[in-house]
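Colleague: Can we go through this one together? I would like to start with the side chains and then move to the backbone.

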Amino acid sequence: MSLSGKYFLETYGCQMNEHDSEKMCELMEQLGMESGDSADNADVVIINTCAIREKAEHKVHSSLGKIKNAKLKNPDMVIVVAGCVAQQQHYELSKKFHHLDLVLGTHNISELPELVEKIRKDRQRVIRVDFSEDISSLHMLAPKRGPRPICSYVTIMQGCSNFCAYCVVPYTRGREQSRNLGEILEEVPQLCSKGVKEITLLGQNVNAYGKDLGNGNRFTELLEELSRIPGLDRIRFTTSHPRDFDASVATALGSLDKVCEHVHLPLQSGSDRILSSMRRGYSFSEYLDKIDILRSEAPGCSITTDIIVGFPGESDDDFKSTLTALEQIRFDQIFSFKFSSRPGTKAEHMADQIPEEVKKGRLAEVHTIQDRITQGYHKQLEGSVLEVLLEGHGRQNQLYGRTRTNKIVNFNDNAGYPVGAIVQVKILRGLNHSLFGEIAY
Ligand code: 5AD
Ligand code: SF4
C-alpha cells in the first residue's frame, strides 16, 4: 500500500483520543503521506471526535461544515470522521454530510490506511464501525511523537464496562479489554530506546487492568514490572476508578520510585444519593477511606478529580455536599463539568433535569472554591526545591516540565540542560495554574 500527498488530522477529547490520533498519524505516514498544517489543501482530512459532552460533539458538525468548500475545490479529497461520535452517530453523520467519505469506529483504527486507499480508488463511501473482541489497534506499538517527545502514552486497556448513568463511553468504546502484559513489557523498552523517559498508562479504569483477561487484577504487578525497565524515569497512569482503587495501588505508589505521586480519582459528586443514581458503585465515605489510605501510604501524593454538577435530581443540598467534599479533601486540581445529556445513557431520560442556568451557577461556585484551594497549594510550594523532568522549551527562552506530582513548572536556565534531563528547580512563584522557578544549583 502506498499513497502520496498530505493528510490533516484534527483531534477532540481525552488523552485516549490523542493517543488514537498518534496511531492514525503513524499509519498515514507508513502509507507514505505527510502531515500537513491545514485542512484546506490536504488530500486526506481526519477528524477524531469525542462524544463525552454535547459541546464536543457539536465540533464535528462545525468542522464537517467548514471543510465542504475545500472538498468542492478538490473532489479527490478524502474526508474521514473517527472516534466516539463516528461510532455512535455513523448513520446521522453520513445522512447529513454527503461529502463525508469514511466513518471509522473506535475498534477500526488499524483499517484506516487500507480504507483510505480503497476510497481513493473506488470513490465509494465506507462506514466501518464494527466492535471486535480483539481490537487490533490495541496491539499497535505506541509511536513516539507530539510536542513532548520524551513522554509517551501507553494504552493498557480500552473501553469500559461500568455503565455510569451519564456516560457514553461503554457504548462508544465497548467493554473493557486489557492489553496483554507481555506486549506492554515489550513496547516500553522500545520507547525508552528512542529516548522516552516518562510513560502514562492509559485506560478508562486502569485499576481493573487484567480482570477481563481472566487472572484477576494485575495493575500493581504491571507497575512493578515496568519499574524494572532501565532508562525509564517516570511512570504515570490515568484514570483510576474509586471502586477498584485499592490499598495495593497506594502501596505501590509509596514504594516504587519510578511511579509518580499523582492519582486522578474521579469523585463526580459528594452526595451519596447522586453517587447512587449515577451508579458509581461507592459512597462518599468509602471514597474518603481510599483518600486516607493514599495519603498515609504515599504522603505528598497529589490528588485530582472530576466533578459533574447538575446531574438530574441534584438538589441544593446534594450540591452543597459536593462543595463540602471539595473543602474537606482539598484536591490539588479538579476538572469540573455541567451534566450533559448523552444519547443512549440511563440519565438521558431521568426525571428532574436541572436547568442550564442552575448548572452554570453551580459550576461557577465550584470554580471559586477550587481556584482558592489550588492557588493555596501553589503558594505553599514557593521557596521549595522540586524535581522536574525537562520536557521542552517554551516562550521567552523559558523551559518547562512537570513535577512528580504533575504540576507544570516554567523556569529559567542558563546551563543548557537537554530535554529529558531531570533537574532540581527552586519555586519562586505559585501561579493560578502553574509554578514558576529557576534551576537550583
Ligand atoms: N456530562 C458531563 N460530564 C461528563 N463526564 C462524562 N460524561 C459526562 C456527561 N454526560 C465527565 C466525568 C468523567 C469525565 C471524563 O467527563 O466527570 O470523569
Ligand atoms: Fe464513563 Fe464511568 Fe466508564 Fe468512566 S467509569 S468511562 S465515567 S462509564
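Colleague: Tyrosine 282 and tyrosine 287: buried or exposed?
Modeller: Keep in mind that this is a predicted model. Both tyrosine 282 and tyrosine 287 are buried.

Colleague: How many aromatic pairs does the structure hold?
Modeller: There are six aromatic pairs. Tyrosine 282 and tyrosine 287 make up one of them, a tilted pair with 6.0 Å centre to centre and 40 degrees between the planes. Another is edge-to-face: phenylalanine 311 with phenylalanine 339, at 5.4 Å and 75 degrees.

Colleague: Where do phenylalanine 311 and phenylalanine 339 sit in the chain?
Modeller: Phenylalanine 311 is in the loop between β13 and α11, and phenylalanine 339 is in the loop between β14 and α12. They are 28 residues apart, so the pair links distant parts of the chain. Both phenylalanines are buried, and together with Tyr166 they form one aromatic cluster.

Colleague: Which ring has the charged end of arginine 53 over it?
Modeller: That of phenylalanine 337, with the charged end 3.7 Å from the ring centre. Lysine 407 lies over the face of tyrosine 377, at 5.6 Å from the ring centre.

Colleague: On to the backbone. Which residues does a cis peptide bond join?
Modeller: Threonine 238 and threonine 239, with omega at about 5 degrees. Threonine 239 is in the loop between β11 and α8.

Colleague: What is phi of arginine 279?
Modeller: Near 65 degrees, a positive value in a residue other than glycine. Arginine 279 is in the loop between α9 and α10.

How values were computed:
Residues are numbered from 1 along each chain as its sequence is written. Chains are lettered from A and ligands numbered from 1 in the order in which they are written. This is a predicted model: local features need pLDDT of at least 70, side-chain atom pairs count only at pLDDT 80 or more; totals for chains, interfaces and linings use all residues. Side-chain values use heavy atoms; hydrogens and water are left out. Rings of Phe, Tyr and Trp (its six-membered ring) pair if their centres lie within 6.5 Å; planes under 30 degrees apart count as stacked, over 60 as edge-to-face and the rest as tilted. Buried means under 20% relative accessible area, exposed over 50%, partly exposed in between (1.4 Å probe, protein chains only). Helices (H or I, at least four residues) and strands (E, at least two) are DSSP runs, numbered from the N terminus. A charge sits over a ring if NZ of Lys or CZ of Arg is within 6 Å of the ring centre and within 35 degrees of the ring normal.
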